[in-house]
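The sequence and the structure come before the details.

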Amino acid sequence: MNIVAAEVIVTSPDRNFVTLKLTTDNGLTGWGDATLNGRELSVASYLTDHVVPLLIGRDAHRIEDTWQFLYRSAYWRRGPVTMTAIAAVDVALWDLKAKAAGLPLYQLLGGASRTGIMAYGHASGRDQEELFDSIRRHLDEGFRSIRVQTSVPGIDAVYGVIAPAAASEHYEPAQRAPLPAEEDWDSRAYLRHIPTVFEAVRNEFGPELPLLHDVHHRLTPIQAARLGKSLEPYDLFWLEDCTPAENQEALRLVRNHTVTPLAIGEVFNTVWDYQALIREQLIDYVRSAVTHTGGITAMRKLLDYAAQYQIKSGIHGPTDISPIGMAAALHLDLAIHNFGIQEYMPHGPLTNEVFRQTFTFQDGYLHPGDQPGLGVELDEEAAARFPYQPAYLPFNRLKDGTVHDW
Ligand code: EZ4
Ligand code: CO
């Protein structure tokens, strides 16, 4: 099964997506997600200009060899652009291998370890009433675990809250615009407010419902430690990305002060970003995306390493992961033993026209389906109707104008 064609497709139905299409001499098509939010065209170029020529004529069955070849032969290792490009190739090769075998991909990873994949949804609101409504809507949709984000008095715009103009249910942080939107931030106001939100949510919805919260790398270690401690009475499932992810040492300080479970890693791209975090048991959940961390091959190894320390998966699954990347995550979630939870933000209707999917969401559980391969096919005619549009994630400034983490 040799690769005869490799092509990069950029499409923007509800948002931008980059997809790698591999075709083999036995007539199979494999798909890989190469979407890096706000930096989409860099991965498209990395693939088209530097990787596609290397793939033609290669044996598509040699997944491990191809991964090692792309990682080592470039000389320049790691980084989000490189690891997203490698992930796209890796996932497309797994799609091909599973299609050739006539099996859903999870069967090649050891088969199902569970019947369904617990997913969490994103609830948010500008005030308590709006937040409670959003939580109720998620419960009605079937979600049994919920991430809670709210606005904070003293801050005009807060990550995770529906933009006032477009009060759609599912928040999309990246905005189509020639320049990134500027938001404001105040850590002290945030630290005062968030425990009151979780107290109110627990009082309203009871002790059972798993609740999650995302800090988006905005706190110092000691601030994060204080937040974790102050949220202990509300029994969070996890506190996510509480400090900037580059400094693994920071989590040691946070860990010394709180038993609130910690999750981190959506901006990580290799196992090396987790080396101390896993070995020293400083986290509880691995948040990497299959799409940004070298694909299924690398994620499987990372999660097997984590399993030795009872650290579980919490694979990144926002709308900027395409349905192809999402399906790859679901096959892995179903197969591994140390599954924790899966993030799930449903895609918009135009995205679902471009990406024909077979995965399902029922009673709070996702399942990748039983089609051979990933179970997602890109409709190239539909994709061509939605050309690329520049889009950026927002950024933060403090009151005095200093740029802050978003
Ligand atoms: O803001 O994926 O946990 N999920 C998240 C996401 C991120 C976006 C950034 O591209 O933090 O919603
Ligand atoms: Co996050």
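## The loop with E280

E280 belongs to the loop that runs between helix 9 (275–279) and strand 11. Helices (H or I, at least four residues) and strands (E, at least two) are DSSP runs, numbered from the N terminus. E280 is partly exposed, its relative accessible area being 31%. Here buried means under 20% relative accessible area, exposed over 50%, and partly exposed in between, with a 1.4 Å probe and protein chains only. E280 and Y305 are 25 residues apart along the chain, and their C-alpha atoms are separated by 12 Å.

## Basis of the values

The model is predicted: local features need pLDDT of at least 70, side-chain atom pairs count only at pLDDT 80 or more, and totals for chains, interfaces and linings use all residues. Residues are numbered from 1 along each chain as its sequence is written, chains are lettered from A and ligands numbered from 1 in the order in which they are written, and side-chain values use heavy atoms, with hydrogens and water left out.

T291 is in the loop between strand 11 (285–286) and helix 10 (295–307). T291 is buried, with a relative accessible area of 3%. Its side chain is joined to that of D33 by a polar contact of 2.9 Å. Such a contact is a pair of N or O atoms within 3.5 Å; within protein, one must be able to donate a hydrogen and the other to accept it, and residues adjacent in sequence count only if both atoms are side-chain atoms.

G79 lies in the loop between helix 2 (63–73) and helix 3 (80–101). With a relative accessible area of 23%, G79 is partly exposed. G79 and F268 are 189 residues apart in sequence, yet 8.4 Å apart in space, C-alpha to C-alpha.

## Ligand 1

Ligand 1 is surrounded by 15 residues (a heavy atom within 4 Å). The closest are N37, H216, E266, D320 and E343. By class, this shell has five nonpolar, three polar and seven charged residues.

A polar side-chain atom of H216 lies 2.6 Å from an oxygen atom of ligand 1, and one of H316 lies 3.3 Å from an oxygen atom of the ligand. For E343, a polar side-chain atom is 2.9 Å from a nitrogen atom of ligand 1. Taken alone, ligand 1 exposes 320 Å², of which the protein buries 94%; these areas come from the Shrake-Rupley method with a 1.4 Å probe.

Notes
Ala, Val, Leu, Ile, Met, Phe, Trp, Tyr, Cys and Pro count as nonpolar, Asp, Glu, Lys and Arg as charged, and the others, Gly among them, as polar.
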